[in-house]
Structures are given as structure tokens and as C-alpha cells.
Amino acid sequence: MSIVLKTDNLSKSFGGVKAVHNANINVEERKLKAVIGPNGAGKTTFYNVLTGYFSATSGEVYFMDRNITKMPIHEIVKLGICRTFQINTLFIGATVFENVRIASQIKNGGSYKILSSRRSLKNVNDKTWATLDKVGLKDKAKSFANELSYGDQRSLEVGIALAGEPKILLLDEPTAGMSDGETKRIASLIRELTNDITVVLVEHDVELVMSISDSISVMNQGEIIAEGTPEEIRKNELVKKAYLGERKN
Ligand SMILES: Nc1ncnc2c1ncn2[C@@H]1O[C@H](COP(=O)(O)OP(=O)(O)OP(=O)(O)O)[C@@H](O)[C@H]1O
Ligand SMILES: [Mg+2]
């Protein structure tokens, strides 16, 4: 079993706030790793450091044994590390199809090259349809992004990230604001993704996380207080006290 992404005592402070403190995580290839923890625990900040949006205060990030701690965002994306954001980041004036096609075009060599070759244009269009099919938005390809339900917008975000053909995809609360039905659909999509790629999921719905994850890391006040299988996490006394115990579900 190989580890694709790992951190070594990763920390990020904002002034006196230790948003992430000596965090260690091990993400195995083609597995689903969930990161859970209360509001303000540092989950999004952790993602921001992993993906180069914030520089680390101290510690290291390794992707396939390569130290990427100081790498700029575009280099990190090129390695195959893609993410979605907690807040929608769609082109709302473009259609669903265009949103995904643009992302696919960028991945496949940029606009000029695509427009100059009929074959590569077809290739990008085919990939776009396949991605839309995967995230369940084929029927809504012609809708504008701002006409979609909130749940569909979140699915489109996943589609855009997938169009970048990632090796590892980091999702930040993809089910936030979704109905139960939408949540079920995206959950099974996320699970399916691990047939091909590695997925890291930040998610508040503990039961969902317990049912689909291979491994869970629990963050609390900037620290990762436990890492293990859903069963191990459920039984962990520290986790119960800091997080699970205070939740109703
Ligand atoms: N850009 C920033 N500048 C200053 N402080 C920040 C910044 N981003 C995050 N923080 C602080 O870092 C801590 C962790 O926040 P973060 O958003 O990472 O938590 P989270 O686990 O993602 O929470 P949530 O579940 O609500 O999304 C909080 O105390 C937050 O106020
Ligand atoms: Mg967050």
C-alpha cells in the first residue's frame, strides 16, 4: 500500500492563532481519506497549505515522496493535486458544459492548440461529456451555472476539478447545502472516484464519513488528534471527548 500524500508536523499560524499545529496525515493511494472536526478546527487551512494557497509556518508536505512544501500552486496542480472550495467558484455566466470544457481545455494544452485541431477539440468535448455523465449533470449541460440548484452547483465543482484529471482530489464539504438525495448521489460518486484516484474529503456529516471512508483523520483546535479506520475512530476516547461526544448524530 503506498502513501501518496503525507505531512510531517505541518503548521500554519495567523499571528497568534495556531490554525494548524504539527499536523501529520498519511493518505494512501486510491483510498478515501476523510478529515473531520468541529468548526474552526483548521480543516480548510490545512487544505490551503497542502495545495499551496498558504505557505506553511513550519513542517513539510510530501506528494509521492517529493517535498512540495514550497511549491507554487500551478506546479502543485501540474503534479495532479486538485481541490474544490468550501464556497462555490463557478463561472456563473457560462453553461454547465462550458464550465467543465474550459477546465478540460486548460488541462489539455490551452485554447489555441485545441481550436487549431478538430481532433483535439473532439477529444475535449468527449471528455467533457464523460465528466458531466460522471457527476450526473449531462441533462443540464446547457443550463447556466447560476440556474442550477445548490447541490448541482456543488456537483459541477467536482466536475470541474475532475476535468483537471487529478491524481488526488481534495474536497472541502462537497455536500454542504445538499438535500438528502443529492448527498447520497455525491457520496456514491466520491466512493466511485477511488477506483481511479485518491480522494481526501472534509465533511461534517459523521455518519456519511463513517460509511464511505477507508481512513479518517480527526482535527481539533489545529491538531490531528487521531487517524484510523472508521471503527477505530468511533472507539477512540480522545475523539469521543473532543468531537463525537458533543454531536447529536
Ligand atoms: N486567512 C486567515 N486569516 C486569519 N485567520 C484565519 C484565516 N483562515 C483561517 N483562520 C483561522 O484559523 C482557524 C481555522 O479555520 P479553518 O477555516 O481552517 O477551520 P475549518 O475547520 O475549515 O472550519 P469550518 O468547519 O467552519 O469550515 C480559525 O480560528 C480561523 O479563524
Ligand atoms: Mg472549512
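Visitor: Where is the place of Met64?

Guide: Met64 sits in the loop between β5 and β6 (66-67), where helices (H or I, at least four residues) and strands (E, at least two) are DSSP runs numbered from the N terminus. This is a predicted model, in which local features need pLDDT of at least 70 and side-chain atom pairs count only at pLDDT 80 or more, while totals for chains, interfaces and linings use all residues. Residues are numbered from 1 along each chain as its sequence is written, chains are lettered from A and ligands numbered from 1 in the order in which they are written, and side-chain values use heavy atoms, with hydrogens and water left out.

Visitor: What is the phi of Met64?

Guide: Met64 is not a glycine, yet its phi is positive, near 45 degrees. Asp65, also in the loop between β5 and β6, has a positive phi of about 65 degrees without being a glycine. Gly52, which follows α1, has a positive phi near 85 degrees.

Visitor: Is Asp65 buried or exposed?

Guide: Buried means under 20% relative accessible area, exposed over 50%, and partly exposed in between (1.4 Å probe, protein chains only). Asp65 has 72%, so it is exposed. Met64 has 40% and is therefore partly exposed.

Visitor: How many residues of α1 are buried?

Guide: An α-helix has 3.6 residues a turn, so residues three or four places apart point the same way. Here α1 is mostly covered, with seven of its eight residues buried. Among them are Phe46, Tyr47, Val49 and Leu50.

Visitor: Which residues have polar atoms facing an oxygen atom of ligand 1?

Guide: A polar contact is a pair of N or O atoms within 3.5 Å; within protein, one must be able to donate a hydrogen and the other to accept it, and residues adjacent in sequence count only if both atoms are side-chain atoms. The side chain of Asn39 has an N or O atom 3.0 Å from an oxygen atom of ligand 1. For a polar backbone atom of Gly42 the distance is 2.9 Å, and for a polar side-chain atom of Thr44 it is 2.8 Å. The protein buries 62% of the 640 Å² that ligand 1 exposes when taken alone, by the Shrake-Rupley method with a 1.4 Å probe, where for residues only the protein chains shown count as cover.

Visitor: How many aromatic pairs does a search of the whole structure find?

Guide: A pair of aromatic rings is described by the distance of the centres and the angle of the planes. Rings of Phe, Tyr and Trp (its six-membered ring) pair if their centres lie within 6.5 Å; planes under 30 degrees apart count as stacked, over 60 as edge-to-face and the rest as tilted. The search finds three pairs. Phe14 and Phe54 have ring centres 5.5 Å apart and planes at 80 degrees, so they are edge-to-face. Phe14 is in strand β1 (residues 3-14) and Phe54 in the loop between α1 and β5 (58-63), so the pair ties together parts 40 residues apart in sequence. Tyr53 and Phe85 are also edge-to-face, at 5.4 Å between centres and 85 degrees between planes.
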